[in-house]
Amino acid sequence: MTFHLTNLSDLDAAGFDDLIDARSPDEFAEDRVPGAISLPVLDNDERARVGTMYVQQSRFGARKMGAALVLRNVAHHVDTALADRDGAWRPLVYCWRGGQRSGTFGWLLREIGWRAEILNGGYRTYRRLVVEALYDRPLAHRLVVLEGMTCTGKTALLHRLAERGAQVLDLEGLARHRGSVFGGQADPQPSQKWFESTIARTLSRFDPARPVLVEAESSKVGNLLVPPQIWRGMIIAPRVQIEVPLAARAAFFPHAYADLVADPAGFSALIGKLKPLHGAARIAEWQGLVAEGAFQQVAAALMLHHYDPRYGKSADRHSDAVVAGVHLDDLSPDAVTAALPELEAAIELADNGAVAS
């Protein structure tokens with residue numbers, strides 16, 4: 001059976017038990033349908049060998065070699081990864097374009113008795129829908145942007161709002177980066193395509209009648225570009241500003257950047273990258289504070305002299321879009337909890353203004 005995908009939300013509506021990516025591990029690593037499991041019918045080396053034989057030696061020989069490898073690998077998957085699937089199991093299998101790799105895999109699964117379906121057009125069909133959603137068509141969702149200076153707890157607030165049922169698009173979480181020179185995380189950033197896949201898939205599960213909350217970002221999060229339609233939506237979106245005193249923000253820094261606190265040498269090296277902007281003397285002073293373990297003090301200095309002036313310039317460009325503000329005296333868990341109703345009211349006010357306009 002062939003499954004025709006016309007909208008990303010169709011995947012949820014179809015209710016498949018598993019999504020199986022039959023492509024090579026390298027193809028899977030670059031991008032895949034979110035939630036898919038990798039069960040390649042040809043590994044990276046096997047795919048290269050078959051392709052080389054097809055081009056340079058014999059098409060018939062390549063098909064014969066490929067068939068033997070594919071059947072061998074599918075049998076291995078049946079014996080291992082799929083050994084616990086019962087008779088009612090219903091998977092969707094896809095490869096690059098819905099051709100021989102997924103076709104053979106799906107055929108064998110159906111011969112066993114499973115209700116396997118093949119994605120018509122394969123990964124290319126899925127990728128085309130992602131591009132349409134993030135590049136070609138106006139965003140179907142209304143955005144409300146949460147903005148504020150560094151360490152005002154925006155990410156923590158968004159996570160708490162999500163727990164209370166809000167629709168939140170966490171770009172920094174999906175990009176595995178906090179959006180600044182100090183924003184890198186232990187895990188490397190994903191590919192641009194995978195970043196876009198997770199954004200599009202997240203949005204496909206949201207109700208277009210309700211606002212989507214997103215944290216203020218530049219057009220890049222680390223090395224990843226915010227897709228054009230998301231960026232346009234953020235530029236025109238109403239904004240809610242979070243205000244927190246400098247001392248409270250500095251106190252929150254060791255929590256927000258716990259990885260830097262745990263790696264003073266790495267933190268100091270990152271500060272060194274700011275030398276062209278602040279000069280050797282100031283950089284040495286900040287690195288000295290890191291060496292002393294005075295993390296709140298160095299955080300306050302970085303905010304005062306580096307982050308806040310740059311935030312001010314960016315905020316000026318969007319000042320007309322700020323509809324409401326929420327002030328927190330500190331970012332303790334109790335203070336954040338207490339601020340949530342006021343923040344939700346501010347978001348509703350911002351969204352109602354967007355709908356009215």
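Which residues form one aromatic cluster?

Analyst: The cluster is made up of Phe253, Tyr257, Phe267 and Phe295. Before the rest, some ground rules: this is a predicted model, where local features need pLDDT of at least 70 and side-chain atom pairs count only at pLDDT 80 or more, while totals for chains, interfaces and linings use all residues. Residues are numbered from 1 along each chain as its sequence is written, and side-chain values use heavy atoms, with hydrogens and water left out.

Now the pairs. The structure holds seven aromatic pairs. Rings of Phe, Tyr and Trp (its six-membered ring) pair if their centres lie within 6.5 Å; planes under 30 degrees apart count as stacked, over 60 as edge-to-face and the rest as tilted.

One of the pairs is phenylalanine 3 with phenylalanine 16, edge-to-face at 5.0 Å centre to centre, with 90° between the planes. Phenylalanine 3 lies in strand β1 (residues 2–3) and phenylalanine 16 in the loop between α1 (10–14) and β2, so this pair ties together parts 13 residues apart in sequence. (Helices, H or I with at least four residues, and strands, E with at least two, are DSSP runs numbered from the N terminus.) Both phenylalanine 3 and phenylalanine 16 are buried, meaning under 20% relative accessible area; exposed is over 50% and partly exposed in between, using a 1.4 Å probe and protein chains only.

Then there's tyrosine 123 with tyrosine 126, a tilted pair at 6.1 Å centre to centre and 50° between the planes. Both sit in helix α6 (residues 122–136), three residues apart, or about one turn of the helix. Tyrosine 123 counts as buried because its relative accessibility is 2%, and tyrosine 126 is buried too, at 0%.

Tyrosine 123 has a charge over its ring as well: the charged end of arginine 23 sits 4.4 Å from the ring centre. For that label, NZ of Lys or CZ of Arg must be within 6 Å of the ring centre and within 35 degrees of the ring normal. Arginine 32 does likewise with tryptophan 194, its charged end sitting over the ring, 3.8 Å from the centre.

Another tryptophan, tryptophan 89, shows up in a polar contact: its side chain is joined to that of aspartate 18 at 2.8 Å. A polar contact is a pair of N or O atoms within 3.5 Å; within protein, one must be able to donate a hydrogen and the other to accept it, and residues adjacent in sequence count only if both atoms are side-chain atoms. Aspartate 18, found in strand β2 (residues 18–21), also has a side-chain polar contact of 3.1 Å with arginine 85.
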